Amino acid sequence: FVACLIVGNFIVSAAESQINPLPGDASYESFKNIDLAFTLVFAAEVGLNMFGNGRRFADDGWNWFDLLVVLISLVALTVTDVSSIKTLRLMRAFRLVRIVKRLSSLRRLINAITASIAPVVNAMIIV
């Protein structure tokens, strides 16, 4: 369910970037409300994850990543300065990376690629 929301949020964000609505437009308000809904759902999901896992929440780096992305999203909702909000909205693209946590096979692949970087670099140095 959450993976579908992440993909949906990415699609809406891409559409917003293409349309590039101006503040005050009806489409601007619509995208703002949709973003608020996604942010609140993701914040609730992280909160439930923290509550459900207790101290184990802090043991997983993906949980910290989720928390950081949600906190950035919450800050982006409160910032009114146009240049700052554009930077924070760019950071919301990292929500898509959260899908890696949800899909275990993709997560194993990313972990394997990450673990192989050092040996590959060592092999390249030797050659």
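These legends describe close-up views of a predicted model.

Local features need pLDDT of at least 70 and side-chain atom pairs count only at pLDDT 80 or more, while totals for chains, interfaces and linings use all residues. Residues are numbered from 1 along each chain as its sequence is written, and side-chain values use heavy atoms, leaving out hydrogens and water.

View 1. Helices (H or I, at least four residues) and strands (E, at least two) are DSSP runs, numbered from the N terminus. Read from that end, the elements run α-α-α-α-α-α. The chain has 127 residues, and 28% of them count as buried. Buried means under 20% relative accessible area, exposed over 50%, and partly exposed in between (1.4 Å probe, protein chains only). Take the contacts (heavy atoms within 4.5 Å) between residues at least 6 apart in sequence: 63% join residues at least 24 apart.

**View 2. Nine residues make up the largest nonpolar core.** They are Val2, Leu5, Ile6, Phe38, Phe42, Val46, Phe57, Leu67 and Val70. α1 (2-19), α2 (26-53) and α3 (61-78) each supply at least two of the core residues. A nonpolar core is a set of buried Ala, Val, Leu, Ile, Met, Phe, Trp, Tyr and Cys residues joined through side-chain atoms within 4.5 Å. In soluble globular proteins, nonpolar side chains tend to be buried together.

**View 3. α1 meets α2 in a left-handed crossing.** Left-handed means the near helix is turned anticlockwise from the far one by less than a right angle; clockwise is right-handed. The two axes come within 11 Å and cross at roughly 155 degrees. α1 is therefore roughly antiparallel to α2, a term for angles over 145 degrees. Axes are lines fitted to C-alpha atoms, for helices over the stretch in contact, with angles from 0 to 180 degrees between N-to-C directions. Residues in the contact include Val2, Leu5 and Ile6 of α1 and Phe31, Ile34 and Phe38 of α2. By class, 11 contact residues are nonpolar, two polar and three charged. Ala, Val, Leu, Ile, Met, Phe, Trp, Tyr, Cys and Pro count as nonpolar, Asp, Glu, Lys and Arg as charged, and the others, Gly among them, as polar.

**View 4. α2 passes α3 in a left-handed crossing.** Their axes come within 10 Å and cross at roughly 145 degrees. Among the α2 residues here are Leu36, Phe42 and Met50; α3 brings residues including Leu67, Val70 and Leu77. The contact has nine nonpolar, four polar and two charged residues.

**View 5. Asn20 lies in the loop between α1 and α2.** Its phi is near 50 degrees, a positive value in a residue other than glycine. Asn20 is exposed, with a relative accessible area of 57%.

Technical notes:
Parallel < 35°, antiparallel > 145°, perpendicular 65-115°, else oblique.
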